[in-house]
Amino acid sequence: MDQCEDREEGVPPSKSTLCGEHESQTKAQRNQPGPPPSSVSLQSDWSAGRFTLFKGYKLSAAERIYGRPAGPVPSSVSLKSDASKDDFTDFKVQPVSAAERVDQQSSQVPSNQSAQQHQTHLESIFMLLEDNIITFVKNELKKIQKVLSPDYPECLESQRSSSREAFVKITVDFLRRMKQEELADNLQRKHLAEVCQRKLKSKLKKKSQCVFEGIVKTGNPSLLNQIYTELYITEGGTAEVSDEHEVRQIETASRKPDRPETTIRQEDIFKASPGRDEPIRTVLTKGVAGIGKTVLTQKYSLDWAEDKANQDIQFIFPFTFRELNVLKEEKFSLVELVHHFFTETKEAGICSFEDFQVVFIFDGLDECRLPLDFHKTTILTDPRKPTSVDVLLMNLIRGKLLPSAHLWITTRPAAANQIPPECVDMVTEVRGFTDQQKEEYFRKRFRDEEQASRIISHIKTSRSLHIMCHIPVFCWITATVLEDVLETREGGQLPKTLTEMYIHFLVVQAKVKKVKYDGGAETDPHWSPESRKMMESLGKLAFDQLQKGNLIFYESDLTECGIDIRAASVYSGVFTQIFKEERGLYQDKVYCFIHLSFQEFLAALHVHLTFISSGLNLLEEQQTTFQKSETTESGETHIYQSAVDKALQSPNGHLDLFLRFLLGLSLQTNRNLLRGLLTQTGSSSQTNQETVQYIKEKLSENLSAEKSINLFHCLNELNDRSLVEEIQQSLRSGSLSTDKPSPAQWSALAFILLSSEKDLDVFDLKKYSASEEALLRLLPVVKASNKALLSGCNLSERSLETLSSVVSSQSSSLKELDLSNNNLQDSGVKLLCVGIGSQHCKLETLRLTDCSLREKSCEHLSSVMNSPSSSLRELDLSNNDLQDSGAKLLCVGVESQHCKLETLRLTGCSLTETSCEDLSTVVSSQSSSLRELDMSNNDLQDSGVKLLCAGIASQHCKLEKLRLTDCSLTETSCEDLSSVISSQSSNLRELDLSNNDLQDAGVKLLCAGIASQHCKLEKLRLSGCNLSETSCEALCLVLSSQSSSLRELDLSNNNLRDSGLKMLNTPNSTIISYH
């Protein structure tokens, strides 16, 4: 094949040829059809030039075989090629396949047929084969030409065909013979990248396709694609630290009745949402421990590896901070780090990732032990320059290294602020299971419908269990326990508290160890001396590391706790569902408990065991030891009280769950479950009563709402519900609003309201007590509600300061706040506006009717509406002495491009025509979003309406509702309004002109506009406008018009007489009010 013949196929002209010594052959020589050779020689076929029939007139296989033009051919052979197809497997044959033709020919050749005839038949097969190979070569060369074009990705399309792979290698070899080294290198690089990608996908598929609930149980994996339940990733929020205990965070999340935030699927994590112009490079995903962050990244990798999603990405490199931590003292370049973890890239010789679409996943930022100090970062831009892993990561995150790459980082909320906000393009949050998904999980887990329904019903009866099931891993713990309880204790009581649930889980694992590893029977005692020693060691590790805030541990941490490394491996192998061991690339071992909550449970168990066995109180800084005589009574009481104090001193609730478990372990029923592990199981009911009383005393103090609520969870663990029952009785009798509840009772009420299964949509303070004290005690309920009605509750400036902190809280759900009829004054509004101006504030509706406000409040509110973060869509300032000066200040904010206000009510605000002029400018502004304006009970007069109508007539005006009740208007205003509503650009659908002296003349003018084909008015209120039957006549004509859109008409408080009413009673679809 000479070079010039294949220019059409894209090979550039060159002095070198692909065929070398055969170049001198002419086309005529090569194309002569002559008789087939007497013997088959592949070398002679190639030298005859048949391989070069790429262009010009081509003989078909039939023509070459029979030496004549294609036409009727013997019935046993029908050969026709189609070289235009993209793949040699698409050849057309008529009327039978090549295989059938060969079979037919073979069957028709007599056994005594001459060798010459048989050879002719074999030659025909090889002619057809030649056609196929020629077409294949041409098509592959076309593809390679496309691959070598400058705008083609660095990685070839995945081609699994061995023939294609071989052909690429042949092409590279021929390009080198032709001295086209650059093209050869380029093709070889892309080919190696494609091979590398294929190997990487295979590796990630094997790694990601199986998941294990809890800890890996050898031989018992689940396929991720089969059990994966879509987890919601919600867009929004910031990378600010949340140092609240994660149980508090999921309690907050569980109270949210809906998901108003933007949700995105994991496969779309880097795709910009509508209206977002900037590309997304770095995504930070937050979520509490066990919520499903790792599973999300695993699914993302699996979908890519299985060619289901994101095929524009050439490479995905998933890392965990657990793995990176062991490289703390090592130095790597970025390329070396990738080579180290993903050896396929090193084998392929890939030393540059700039030309590839790459995604780096970094899972578990909260587990990072590398010194990530972004304020002291050494700038690094060369991906081939070695440095410490922390410097490497910081430059990659900052975008100094490989700016074209995408990064997905996952973390628990407490560690989110390790990365500067300017380095993150989008913050997302994993919210865990919804109530519906919880049910879905248990129905999948328990195939028996009756059993599944019983379990779901049971979980709903215990608020603490129901909340914890927000976390997928807790659903698994619950399922494991309830499955065992239902199998071993038919008809028995199911665990109701967290402590019961975790004790049962521990016992189940001890039972598994006894049967599986010790060869015992299920009826044998679960706790051997060896098992007890393991639990004691794990409990000490859990407690020591909890105090340090560590969730994962390395060998050095275990050594500090006195645990031998070999023993740790045994523990992880035996108690596989409690404590797990993972291996890094250097065979460094990493250890952790299945979930933070289980670490807290074991830590509480350790404190309890230590106290029972030695009388030592581990919770006191100067640890005291009680004598055995004291241990059972005063000593035990003291340890529980000191635990309560220590938990209340924690600013972020980090000991909340620990305290629940410790107090739960004081119950005799729970200790009985641990018989064999606890050497002493007796407990004093007197001790429990003293602890309950101590907690109630604490509830009477001025505690934060969150701390009070946790103390109620503690009372639940102690099986004491007396306070809650007292409040429930008061609510039933209606005495709560007349009695003066104690602080403890207020806390109980907050706990009841927050624990209710009903969505906290509307909170009306007057139902309980219209007082400032009640509001301050019930602030958590306000925070969790969508709408708070606080009208007329004797609130002062003090209330506004606390409400400001509520609306600015990231966890607040409040969207509507009614503070009307409270003496707030301008100083109160100023405090409130601090919170409303926060980027976290979700408030959309604010009502401040009759709050003693003046123009200064307008200035503060205007500033808030001018803020890009403001969400306000409805503002009611009615019955405040704002005057024109206040309205003018307000208009500055409403007219802002950032303002989202759609409804503004200024009824009875001492406004005049001056305000109409300012508002006219606002409604005619292109940036204004105002759709509803109420200026009733102001002395606007006709001159004011005239000014207002100038703005409403603007093509930019979006106003749909206008209320001008009792504004001293006459028929003159009707003329201006008539002109507006008949305008093609008008959007007015509702107009209220009640209590104005319009008279019949005014209505007649108004009807002229309503009759217009452009009028969109649907509701018209003309109550108390001095109208007579004459107006009825004009309105009757309008209503009978086909073009009229009027659907509702209010003519009450007018002297219409019977004759007027009779006219309006003609059949039409308009609802008319007369009274």
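**A walk through the predicted model**

Residues 213-220 keep a pLDDT under 50, and the model gives them 17 contacts beyond four places in sequence. That caution applies because this is a predicted model. Where pLDDT is low, the predicted coordinates should not be read in detail. Over the protein, the average pLDDT is 77, and 74% of the residues score at least 70. Residues 1-111 have a pLDDT below 50, although this stretch has 158 contacts in the model beyond near neighbours in sequence.

Now the overall build. The protein has 42 helices and 26 strands. It counts 1075 residues, and 54% of them are buried. Its accessible surface comes to about 47,300 Å². Carbon and sulfur atoms hold 48% of that surface. Take the contacts with a separation of 6 or more: 76% of them join residues 24 or more positions apart.

Start the local tour at helix H14, residues 389-398. Of its 10 residues, 9 are buried, so the rest of the structure largely encloses this helix. The buried set is Val389, Asp390, Val391, Leu392, Leu393, Met394, Asn395, Leu396 and Ile397. Gly399 follows H14. Its phi is positive, near 90°.

Next comes helix H18, residues 472-488, which holds Asp484. Asp484 has a relative accessible area of 18%. Buried means under 20%, so Asp484 counts as buried. Setting aside neighbours within four places in sequence, Asp484 contacts Val508 and Lys511.

Tyr640 lies in helix H24, residues 628-649. Its relative accessibility is 1%, so Tyr640 is buried. What is in contact with Tyr640, leaving aside neighbours within four places in sequence? The list is His608, Leu662, Leu663, Ser666, Arg671, Thr687 and Thr691. Asn688 is 48 residues from Tyr640 along the chain, and their C-alpha atoms are separated by 9.2 Å.

Two helices further along pack against each other. Two packed helices are described by the angle between their axes and the distance between the axes. For H28 (residues 705-717) and H30 (residues 743-755), the angle is about 80° and the axes are 9 Å apart. H28 and H30 are therefore roughly perpendicular. On the H28 side, Ser708, Ile709, Phe712, His713 and Asn716 make the contact.

Helix H33, residues 797-807, contains Ser805. Is Ser805 buried, exposed or partly exposed? Its relative accessible area is 45%, so Ser805 is partly exposed. Leu832 is 27 residues from Ser805 in sequence. Their C-alpha atoms are 8.4 Å apart in space.

The last stop is helix H37, residues 913-923. Buried here are Ser915, Cys916, Asp918, Leu919, Ser920, Val922 and Val923. Which elements cover these buried residues? The cover includes two helices, H36 (883-894) and H38 (941-952). It also includes two strands, S20 (903-905) and S21 (932-934).

Methods: Residues are numbered from 1 along each chain as its sequence is written. This is a predicted model: local features need pLDDT of at least 70, side-chain atom pairs count only at pLDDT 80 or more; totals for chains, interfaces and linings use all residues. Side-chain values use heavy atoms; hydrogens and water are left out. Helices (H or I, at least four residues) and strands (E, at least two) are DSSP runs, numbered from the N terminus. Buried means under 20% relative accessible area, exposed over 50%, partly exposed in between (1.4 Å probe, protein chains only). Contact means heavy atoms within 4.5 Å. Accessible areas come from the Shrake-Rupley method with a 1.4 Å probe; for residues, only the protein chains shown count as cover. pLDDT is the predictor's confidence in each residue, from 0 to 100. Axes are lines fitted to C-alpha atoms, for helices over the stretch in contact, and angles run from 0 to 180 degrees between N-to-C directions. Angles under 35 degrees count as roughly parallel, over 145 as roughly antiparallel, 65 to 115 as roughly perpendicular and the rest as oblique.
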